[in-house]
Amino acid sequence: DDERIVEGKAKIAYTNKQRVLILSSRGITARYRHLLEDFKKLIPHHKKDNKLDDKGDIHAVNEIADMKSCNQVLYLETRKHQ
């Protein structure tokens, strides 16, 4: 057998420890919502969160990621044309 235990070491399957938090700002259009859904389908190890009402404080994104134990953040922010 090729799948023998070599010197007491068993084969262990790789588990992905990376977690990605996916969230967006308020006021996104349907196009951006569909883009987020596509990202969620592409990234199997994602965690989603509700829309963020940041009021200019972008550091809240890092705190939310820490609470959800995520290593990376994908944040889409939209702004109105002025």
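Does L21 count as buried or exposed? At 0% relative accessibility, L21 counts as buried, where buried means under 20% relative accessible area and exposed over 50%, partly exposed lying in between (1.4 Å probe, protein chains only).

## Basis of the model

The model is predicted: local features need pLDDT of at least 70 and side-chain atom pairs count only at pLDDT 80 or more, while totals for chains, interfaces and linings use all residues. Residues are numbered from 1 along each chain as its sequence is written, and side-chain values use heavy atoms, with hydrogens and water left out.

## The sheet and its helix

An open sheet of 3 strands runs in the order β2-β1-β3 with parallel pairing. Its edge strands, β2 (46–48) and β3 (72–76), each pair on one side only. On average, neighbouring strands of this sheet are turned by 25° against each other, direction ignored. Strands and helices are DSSP runs numbered from the N terminus (E, at least two residues, for strands; H or I, at least four, for helices), and two strands pair if DSSP finds at least two bridges between them.

Between β1 and β3 the parallel pairing extends over 5 bridges, and L23 stands opposite Y75 in β3. Helix α2 (residues 59–67) packs on the sheet and touches β1 and β3; its direction makes about 135° with that of β1. Axes are lines fitted to C-alpha atoms, for helices over the stretch in contact, and angles run from 0 to 180 degrees between N-to-C directions.

## Surroundings of L21

L21 lies in strand β1. Residues up to four places away in sequence not being counted, L21 touches K47, K48, D49, V61, I64, A65, K68, C70, Q72, V73 and L74; contact means heavy atoms within 4.5 Å. L21 and V61 are 40 residues apart in sequence, yet their C-alpha atoms are 9.2 Å apart in space.

## The largest pocket

The largest pocket has a volume of about 220 Å³. A pocket is an open set of points on a 1 Å grid over the protein atoms alone, where a 1.4 Å probe fits, with protein on both sides within 12 Å along at least five of seven lines; lining residues have an atom within 4 Å of a point. Grid points are joined across faces, edges and corners, and the volume is the space filled by probe spheres set on the points.

The lining comprises I22, L23, S24, I28, R33, L36, E37, K40, K48, D49, N50 and K51. By class, it has 4 nonpolar, 2 polar and 6 charged residues (Ala, Val, Leu, Ile, Met, Phe, Trp, Tyr, Cys and Pro count as nonpolar, Asp, Glu, Lys and Arg as charged, and the others, Gly among them, as polar). Helix α1 gives the most to this lining, with 4 residues.
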